[in-house]
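Hi everyone, thanks for coming. Please have the sequence and the model open, and we'll walk through a few parts together.

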Amino acid sequence: MSLKITINLTEDSKISSFDAENIKFGQVFTDHMFACDYINHEWQNFRIDPFGKIPLSPTLSALHYGQAIFEGMKAVKNTDGVITLFRPLDNLKRLNQSAVRMCMPTLSEEIFMEALHKICSIDKNWIPTKTGSALYIRPFMFATDDFLGVKPSENYSFMVYACPVNAYYTHALKVRVEEHFTRAAKGGVGAAKCAGNYAASMYPTKLAQDLGYDQVLWTDGATHEFFEETGTSNVFVVTDDAVYTPEINDTLLAGITRDSIIQYLKHEGHQVIETKVSVRQVIDWHKQGKIKEMFVSGTAATVTNIELMAYQGQDYTINATDNLLSKQILNFFNNIKTLAAKDPFNWVSIVPSEAVINQ
Ligand SMILES: Cc1ncc(COP(=O)(O)O)c(C=O)c1O
């Protein structure tokens, strides 16, 4: 291993105050974070520090011009203490695609994987083992130039922090199909996991939440006739003959969970159709009683059913049957991640137990 990481462990661990039985999503952070800096065209200063605040200049380029990208992934620990990651190189690939789109530097596999392995190992006692819980890992990169003016920054930081979580959603979702606001336009940055996409989605989401819905179900910006995704996840519609999901284009995020579900369902003999999914068509299917279930998919969202869909002022209840495909998918993912079942796709990557060494 050639990457030299300076490890500065905390002397003030918060682990004793961590209640694994009572985790609130995104509110508790582990003891450490990884950081490195891009200076003079190369990544350097690899370090693990105690989790905490970072000094920022008011001129920080990311704050003004939005060069900020991130990933979301999970580590799972089984009852034997083995820690696994799920398709981590796909997160790296997407991070680097986001970086290219936002004119930011890419990261090597070595830096990315070392950062993940170190955080998972050093903070392994923070990883909950209850089924469905996990260590949510947030790798992110942002521009750090002290400069006023619109141009790509020359300096960046890449960091990784983590928080123990349960599933993001604790109940089936009520979604509102968006007909006015647009999350992403063709040729824009919808396919990048950049901070601005999430900022842009907050106001319409708040309006939907004020009306009692959980999430916006985005439609295409040009016609508002076709489903895209929700603010945090991809979407699936299960009819009595196939499983439909919006095809990937540059206006939505190519979810790793989405891709895994497609591969798994095909492997199980289901017909999965990636296509333009028309809202009208889904409403017609609903009226004809052809919808068996609808669900969203994402690292944080896991696989969560949609129980109600609002469109043009009308609420449509999705009466999912007992034999939910989403439950089957979730069980399969949980089982392969904890090594309780064989992983025919080679998606699960075990964190080496010696990863904590190399100080
Ligand atoms: C907008 C959006 N779409 C889809 C997803 C699902 O992506 P993944 O399955 O890779 O977590 C996410 C989650 O990161 C998201 O934020």
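Let's begin with helix α5, residues 256-267, which has twelve residues. From its first C-alpha to its last α5 reaches 16 Å, close to the 16 Å expected at 1.5 Å a residue. That expected span is 1.5 Å times one less than the number of residues. Helices here are DSSP runs of H or I with at least four residues, strands are runs of E with at least two, and both are numbered from the N terminus.

Two notes before we go on. Residues are numbered from 1 along each chain as its sequence is written. This is a predicted model, where local features need pLDDT of at least 70, side-chain atom pairs count only at pLDDT 80 or more, and totals for chains, interfaces and linings use all residues.

Which residues of α5 are buried? They are I256, T257, R258, S260, I261, I262 and L265. By "buried" I mean that 20 or more other C-beta atoms lie within 10 Å of a residue's own; with 12 or fewer it is exposed, in between it is partly exposed, and C-beta atoms are placed from the backbone. The buried residues of α5 pack against α2, β12, β13, β14, β15 and α7, where contact means C-beta atoms, placed from the backbone, within 7 Å.

Now look at the ligand. Of the 14 residues around it, G255, I256, T257, G298 and T299 come nearest; to count as near, a residue's C-beta atom, placed from the backbone, must lie within 6 Å. The largest share of this shell, three residues, comes from α5. The shell divides into two nonpolar, ten polar and two charged residues. Here Ala, Val, Leu, Ile, Met, Phe, Trp, Tyr, Cys and Pro count as nonpolar, Asp, Glu, Lys and Arg as charged, and the others, Gly among them, as polar.

On to α7, one of the partners of α5. In α7, L325, S326, I329, L330, F333, I336 and K337 are buried. Seen down the axis of α7, these buried residues fall within an arc of 140°, so they line one face of the helix. The arc is that of the directions from the helix axis to the C-beta atoms.

Last stop, the loops. Q312 is not a glycine, yet has a positive phi of about 50°. Q312 sits in the loop between β16 and β17 and is exposed, with 8 other C-beta atoms within 10 Å.

Note on methods:
Two residues are in contact if their C-beta atoms, placed from the backbone, lie within 7 Å.
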